[in-house]
Amino acid sequence: METKKLPVGIQSFEKLRDADYLYVDKTEYIWNLVQNGSVYFLSRPRRFGKSLLVSTLEAYFLGKKDLFHGLTIEKYENQKGSMAWQVHPVIHFSLSGGNYLEKDGLQQRLSNTLDHIEKVYGVEGGNYDLPNRFINIIRNLHAKTNQQVVVLVDEYDKPLLETMGIDALQEEKNRQLYKSFFSVLKDEDAHLRFVFFTGVTKFSKVSVFSDLNQLNDISMDPQYAGICGISDEEMQENFSLEIDALAKAQGISRKECIDTLAKMYDGYHFSRNSIGVYNPFSLLNAFFQKDFGNYWFETGRPSFLIHALKESVYVPEDFEAGIRASEDEMKNFGAQSNQLIPLYYQSGYLTISGYDPQFRKYILTFPNQEVKYGFVNSFIPYVFGSKKSESSLSVDQMVMDLNAGDINAFLNRIKALFAGIPYLEMDQAPYEQMWRNQFWTIFTLMGQYTACEVHTAKGRIDCIVNNKKYIYLFEFKVDQSAEEALKQIERQRYASVFSADGRTVMKIGISFSSKERNIVNWKVI
């Protein structure tokens, strides 16, 4: 069997199908959407296939039936007889491009789309302001074609995310333009067949969602959990040859390849008890490059998210241990620090890992290793100083020290690292929190190369690191002796769970001084 071309970076459904790129069939979801409703919103992380989904909807409503040959929706549509593949006028706003920090950037982007529609369909918008021009075009399209209009809005939130934290006045101006422009859709319902908004984040104060009171937010609807992304079943069915090629290139078995792909890119859940999905951008790039890279994270760093985390009540360890949130808290983002969780969830840095039915709370954690380690690497400058990087942490050297059983060399490296952290930068956050963030960052990064489990709950050992030869049990004390830390390990009998393990167990008590701002002593048994 020959492999098909991998659609890396392809967002046009027509281009994908015409050029015979591999396509994971999502058209049953589209059929369900158009049959069961008419006004929708879908939130998914960036690079998750939203634009391809919108492009597929556009092709469907334009009646381009040849593009759907062999796909699930074809058999459903053909059952409609003479009503099959009806052509509707489509207004497609793609807001991923444009400079929205410019004074009239958003207005110009919207106006350009209306210019294009007027030219393609030969209709007049009239000499009106932007909202009334939009109304006029919708009505004229309906009258001219005798078919209701389809409005597709891709990446609606880009103009707001681009200005957030940079230009508050421009952000508010963009909000107000949205209020006047898209709110007209409510009164034009008789002229509309289908309306679909996508974005990364659902902003609670954007009037689109309050004015369009019939809008159906399917972002956490279980039946649409797999509308974007690739499930494990879809991966193994559609990419079998690519899995074998990747395994061969990496010198591993097919099973090891699938397990590694799952650890790196799988794990996104968009409703409770839903299937997990892979990040499609990362998965496709892994197959294309035949390597397990951090592809999604390389396309954008979460600088705003990291800065917001510093100002919030949360610490990075919370992302590892799990954050509890209600469905309402997860759906609507506000700029206040106590409303950051929906932004982290909707942006893809957290995902649903569990659900507490008694309190109706979702448990949110990192979805996979690509996100976890990418996020931690981005966090380094904020906890070790602006000039630090992963390489300057000498993580690989620390892992080699532990592989060799040289705990003294390992702790001396950490001590030297802390000694080089600027005093002022350490004062930017409460000291104990900063110290905890530093250790969490080090051990989390080490987890890329060796098994490392960090515990923060009271009564548990602070850290366990293990490799082929050694198991290290770490206990940290601030302004207390290393002996006291060791006593806690012995008192709680932390080592007992490893009594049948053939590896050497080392118990390490570490004393950290708030005055010296560094490790001052350690003791090993």
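Student: Which helices do the buried residues of helix 12 pack against?

Tutor: Please bear in mind that this is a predicted model. In it, the buried residues of helix 12 are in contact with helix 11 (232–238), helix 13 (254–265) and helix 14 (280–289).

Student: Which residues of helix 12 are buried?

Tutor: Helix 12 spans residues 240–250, and its buried residues are Glu-242, Ile-243, Leu-246 and Ala-247. Viewed down the helix axis, these residues fall within an arc of 135°, so they line one face of helix 12. The general idea is as follows: an α-helix has 3.6 residues a turn, so residues three or four places apart point the same way.

Student: What follows helix 12?

Tutor: The helix is followed by Gly-251, which has a positive phi, near 70°.

Student: Where do Glu-171 and Arg-175 lie in helix 8 relative to each other?

Tutor: They are four residues apart in helix 8 (residues 168–182), which separates them by about one helical turn.

Student: Is Glu-171 buried or exposed?

Tutor: Glu-171 is buried, with a relative accessible area of 10%. Arg-175 also counts as buried, at 15% relative accessibility, because the limit for this class is under 20%.

Student: Which salt bridge does Lys-158 form?

Tutor: The side chain of Lys-158 meets that of Glu-162 at 3.7 Å, N to O. Both residues belong to helix 7 (residues 158–163) and stand four residues apart, about one turn of the helix. Lys-158 is partly exposed, with a relative accessible area of 27%.

Student: Which side chain does Arg-413 meet in a salt bridge?

Tutor: Arg-413 meets Asp-401 in a salt bridge of 2.6 Å, N to O. Arg-413 lies in helix 22 (residues 407–419) and Asp-401 in helix 21 (residues 395–403), so the pair ties together parts that are twelve residues apart in sequence. Arg-413 is partly exposed, with a relative accessible area of 31%, whereas Asp-401 is buried, at 8%. Salt bridges can also share partners, and in this way Asp-115, Glu-118 and Arg-133 are joined into one network.

Student: How many aromatic pairs are there?

Tutor: The count comes to 47 aromatic pairs. In one of them, Phe-93 and Phe-181 are arranged edge-to-face, with 5.6 Å from centre to centre and 90° between the planes. This pair links distant parts of the chain: Phe-93 is in strand 2 (residues 90–94) and Phe-181 in helix 8, 88 residues apart. Both Phe-93 and Phe-181 are buried.

Phe-134 and Phe-182 likewise form an edge-to-face pair, at 6.4 Å centre to centre and 90° between the planes. Phe-134 lies in helix 6 (residues 130–145) and Phe-182 in helix 8, so the pair ties together parts 48 residues apart in sequence. Phe-134 and Phe-182 are buried.

Student: Which ring does the charged end of Arg-44 sit over?

Tutor: The charged end of Arg-44 sits over the ring of Phe-270, 3.9 Å from its centre.

Terms used. Residues numbered from 1 in each chain as written. Predicted model: local features only at pLDDT ≥ 70, side-chain atom pairs only at ≥ 80, totals over all residues. Heavy atoms only, no water. Buried < 20%, exposed > 50% of the residue type's maximum accessible area, 1.4 Å probe, protein only. Helix = DSSP H or I, 4+ residues; strand = E, 2+ residues; numbered from the N terminus. Arc of directions from axis to C-beta. Contact = heavy atoms within 4.5 Å. Salt bridge = Lys/Arg side-chain N within 4 Å of Asp/Glu carboxyl O. Phe/Tyr/Trp six-rings, centres within 6.5 Å; stacked < 30°, edge-to-face > 60°. Lys NZ or Arg CZ within 6 Å of the ring centre and 35° of its normal.
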